[in-house]
Amino acid sequence: MRFVTQGLNKDNKKLIYSWLFYAVSSLIFAGIFAFLVAMARTPVIQDILPGKNYIHVALVGHVILSVVIWFLAFQGVLWILSSTELLNTQIFNKTTGWVGFWFSVAGTICIVITALFGLGTPLFINYIPVLTHPLFYTGLLLLAVGISVTLAVTFLSIWKSLRQKTYTGRFSIITFGMSMSAISVFFAIICFGLSYYFQVSGPKRDSLDFESLFWGGGHILQFANTIAMVTVWIFLTNLIFKTIPIKDGYGKALYIFYLFFVLPSPFLYFIYDTTTQEYRDAFTRLMQYGLGPSTGLFTIALLVTIKSKGSENISKELIGFISKIKGLPWKDPAFSSLVISMIVFTLGGIISLTIYGSDTRIPSHYHGVIGGVTLAFMGLTNHILFVLKKDIYSKKIATLQPYIYGIGQTLFVIGMFLAGAHGVQRKTFGSAQNLDDISKIIGMSIVGLGGLIAIIGGIMFVTNSILSLIGYRKEA
């Protein structure tokens, strides 16, 4: 399998480059909104920003860009790469591929404009927060159309490759994994559509309930994110150790297990009313039972591979104290991103077992999970830059960045957990947090410190990636 190559088809290369630039750019705006959140709490400056409630608007912008658009855009990179280059074929239809890309970009621009100018009322909806404004709704619709078109191109490119048998050996496990991710996103979009249909067509529906609208599909998107993360873990392991950490048949079986919990999702709308607790519980159970087993077994396989390779390399001359002790390439950002991603994701998963009520252990859990996904995607970016024949602007920044972002995200997760365990409620700000004892204060202080460190790590990644993409070279 051609996991490492610079001989890209010209049309594939342009589209992969554009999706990567789009993905990294979404993090730029996510960072801008994170900065505006801080400014919205700053005297004098807060009076300049549009609206007294701008902190909530900026938070919506930050969340949807960093959790929804960044994840989907990077998966767009992987869908195109895995359905073409890893199968030794061209994209099914170049024009349609670009249509999907530009629709996605246009939708993102609408969302960014809505949030920048503080249009509409912010609603902190789970999975996909909302600004109640027509331009924001237009942005979401354009994004959905763009992603749907890209999924269609991906499926058709894979079908063409299978029909023409353009690849040698077994069907790439990376392509198989990303096809499972693509199917999950497709089913999430179906869920959004069904939820909307049953809400607007149902009796006595005075207004659209956004929480119910995005609840089911939002859960299915988490399957797509997790599947993509695991696939990147396998990709990174192959790059580092030149091996696949799990047998082909077993790996594909684990991917199919994920799918068993994705495929029933649209039928739940014909069984449960979207206004009921049963509807919410049904999708929660899908995620609870469907994500853990396969992810856990993939993680074990990866750990076994890392341990065995560390033992093989222990006698080799490696740079750095830790490398000499463990025999592992800790200075390789692909490896450090892989390991830290696994740690942070696992931490978020463990915390999910402690959740009850509505305190900050909930954001502690999902910040761990999304932090793990983000670190994996960050770790693969350097290789995709290599594939695109782009020099890394700063190898030093690339080496340090996973540690800084990982430490910040871990502190943030631990702080949120500590604060939530002592009663700090989620979705509260300022005095509403009721920080009336030392444990709450320590917990939220750790959150602030971790958030700052993670932002620095994010800035390092975005700066290094953008400068690399535009071809700017650091002077020696």
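Tutor: Happy to! Let us begin with a term: a residue is called buried when its relative accessible area is under 20%, exposed when over 50%, and partly exposed in between, using a 1.4 Å probe and protein chains only. By that rule, 55% of the 476 residues of the protein count as buried.

A word on the source: this is a predicted model, in which local features need pLDDT of at least 70 and side-chain atom pairs count only at pLDDT 80 or more, while totals for chains, interfaces and linings use all residues. Residues are numbered from 1 along each chain as its sequence is written, and side-chain values use heavy atoms, with hydrogens and water left out.

The protein has 15 helices and two strands; these are DSSP runs numbered from the N terminus, with helices being H or I of at least four residues and strands being E of at least two.

Now to your pairs. Side chains of opposite charge can pair when their charged atoms come close. Here, a salt bridge means a side-chain nitrogen of Lys or Arg within 4 Å of a carboxyl oxygen of Asp or Glu, and searching the whole structure turns up three.

Start with Asp 11 and Lys 94, whose side chains meet with N to O at 3.9 Å. As for cover, Asp 11 is partly exposed at 24% relative accessibility, and Lys 94 is partly exposed at 42%.

Next come Arg 280 and Glu 211, with their closest N and O atoms 3.8 Å apart. Because Arg 280 lies in helix α10 (residues 277-313) and Glu 211 in helix α7 (residues 210-241), the pair links parts that are 69 residues apart in sequence. Arg 280 counts as partly exposed, at 23% relative accessibility, whereas Glu 211 counts as buried, at 15%.

Finally, look at Lys 252 and Asp 248, where the closest N and O atoms are 2.9 Å apart. Both residues sit in helix α8 (residues 248-262), four residues apart, so about one helical turn separates them. Lys 252 is buried, with a relative accessible area of 13%, and Asp 248 is buried too, at 17%.
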